[in-house]
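Thanks, everyone. I'll take you through this one quickly, starting with the aromatic residues, then the cores, then the pockets.

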Amino acid sequence: MTSFSDIETPAAIVDVVRMQRNIARMQDRMSALGVSFRPHVKTTKCFAVADRQRAAGSNGITVSTLREAEEFFAAGYDDILYAVCIAPHRLGRAQRLRDRGCRLKILVDSVEAAQAVVEAQSHSDPFHVLLEVDTDGHRSGVGPEDERLIEIGRILHTGGATLRGVLTHAGNSYELDEPGALERLAEQERALSVRAAERLRAAGLRCPVVSVGSTPTALSARALDGVTEVRCGVYVFFDLFMTNVGVCAFDDIALSVLTTVVGHQSEKGWIIVDAGWMAMSRDRGTARQRHDYGYGIACDLGGRPLKEDLVMIAANQEHGILAVRDGSVISLENCFPIGTRLRILPNHACATGAQFSEYYAATDNGIERWQRFNGW
C-alpha cells in the first residue's frame, strides 16, 4: 500500500516518524532521570508499537485489562503490571497467567482486596502485589499516611503474598496546563509515593518498587529520587488534550483519523465528512480546557492543521461536521470538494484508537497495516 487513496475511510493513521520521536523523547528522559520505564500499552493495544518501545529501552509493560495481559504474554511479553485494583472474580484468571509463566504483578488498595488475594493465591506461586497509593485525590489508592497502608501490607505479607512495592498515578495532572504546576504535582507524586514506601519499610515490610506515572508528570519531573520506575502511555501518540496540558505540540500527535468529504452545507458553513463519533469516539475532553477542539481538528494529508479553528464541531454516528469555529464562511466547494481526503487529530488517542481494529502506519517507504485489539 503506497498512498492514503488506497485506504477505505474512516481509518486510524499512525505517523510512524512522529511516534518514534515521541518514544525516543520519553525513553531518553527516563534514562536521564535514572529510572526504569514501563510503558502503558492501553493506548495502542498494538504489538508493533510495543516492540518499538521495547527496542528503545523500556522494561516490561503496564496494562489496564487482563485481556491486554493475555494478548501481550502470548506475544512474548512476560513482565507485566496490571495497574487496576484487582477484583476478586479476576484472581483465578490472573493466577492462570502466572501458572503459564507470566511474571504478572497485580494491584490492591483495600483490606478486602488484600484478603481476597491471600485466599485465592497458589501457595507454590504466590501473587506479586503492589499497593496503590493516593498522591493527589484523583481516583483510587490509600493515603501515604493512612494506617490502612500498613494493615494492607501486613495482610499480604503474613498471608504469603509477595509485596512488591507501591504504585501511584497522578491523574490530576490532566487538569493542569502550566509548567510550574505540573512540576509541583510531579514532585508531590514522587515525594508521597516515596513516603509510603518508607512507612512500609519502617514497619518491617519489603518495598523494592516505587512506581509512579502519568504522561504530564513524566515529562515535567525535575528529579525522581527514590522512584524505581515510571509508567505512562498516551505519550506515544499524544492528542489534543495533551496539547492543552502543554506537554506536546500539534506536530507531535502521531494518531489521526483519515476521512473523506462527502457533502457540504454552504449556507451553514459546514463540511460533511464520513468520520463521525463511531470513528472519533464521543470524548469531548477538550471542552473543559482552554481550547475546545470539538471532536477533533482538521489537517491535510501530511498531518498539518489546515487552520487551527477548522474543527469537527459536531458528530453523528457516521457523519462529522467540520466548520470554522469563529463563524466565518469559506468557499467549501472550492477548498474542500467532495472526495477530498483529510486527517482529523483526536481529542483522546486512547478513545479514538479503541474505535478501530487496525492502524495504517505511514512511513517514508509506504503504509503498513498494524493489528490492534479491544476487549477486557
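Buried means under 20% relative accessible area; exposed is over 50%, and partly exposed lies in between, with a 1.4 Å probe and protein chains only.

Some ground rules. This is a predicted model: local features need pLDDT of at least 70, side-chain atom pairs count only at pLDDT 80 or more, and totals for chains, interfaces and linings use all residues. Residues are numbered from 1 along each chain as its sequence is written, and side-chain values use heavy atoms, with hydrogens and water left out.

Back to the rings. Phe 72 and Tyr 77 make an edge-to-face aromatic pair, 5.5 Å centre to centre, with 80 degrees between the planes. The rule: rings of Phe, Tyr and Trp (its six-membered ring) pair if their centres lie within 6.5 Å; planes under 30 degrees apart are stacked, over 60 edge-to-face, and the rest tilted. The count by this rule is 8 aromatic pairs. Both residues also belong to one aromatic cluster, formed by Phe 47, Phe 72, Tyr 77 and Phe 373.

Now a second pair. Phe 237 and Tyr 359 are edge-to-face as well, at 5.6 Å centre to centre and 85 degrees between the planes. This pair links distant parts of the chain, 122 residues apart: Phe 237 sits in the loop between β9 and α9, and Tyr 359 in strand β16 (residues 358-363). Helices (H or I, at least four residues) and strands (E, at least two) are DSSP runs, numbered from the N terminus. Phe 237 counts as buried because its relative accessible area is 0%. Tyr 359 is buried too, at 0% relative accessibility.

What is the size of the largest nonpolar core? It has 112 residues, and those with the most contacts inside it are Met 19, Leu 104, Ile 106, Phe 237 and Trp 370. Such a core is a set of buried Ala, Val, Leu, Ile, Met, Phe, Trp, Tyr and Cys residues joined through side-chain atoms within 4.5 Å. Apart from it lies another core of 8 residues, including Leu 258 and Tyr 360.

Take Met 19. Beyond its neighbours within four places in sequence, Met 19 is in contact (heavy atoms within 4.5 Å) with residues including Val 49, Phe 237 and Trp 370.

Over to helix α7 (residues 179-202), which holds Val 194. Val 194 counts as buried because its relative accessibility is 11%. Outside four places in sequence, Val 194 is in contact with Val 210, Asp 225, Gly 226 and Val 227.

Last, the pockets. A pocket is an open set of points on a 1 Å grid over the protein atoms alone, where a 1.4 Å probe fits, with protein on both sides within 12 Å along at least five of seven lines; lining residues have an atom within 4 Å of a point.

Among the residues lining it are Lys 42, Cys 350 and Trp 376.
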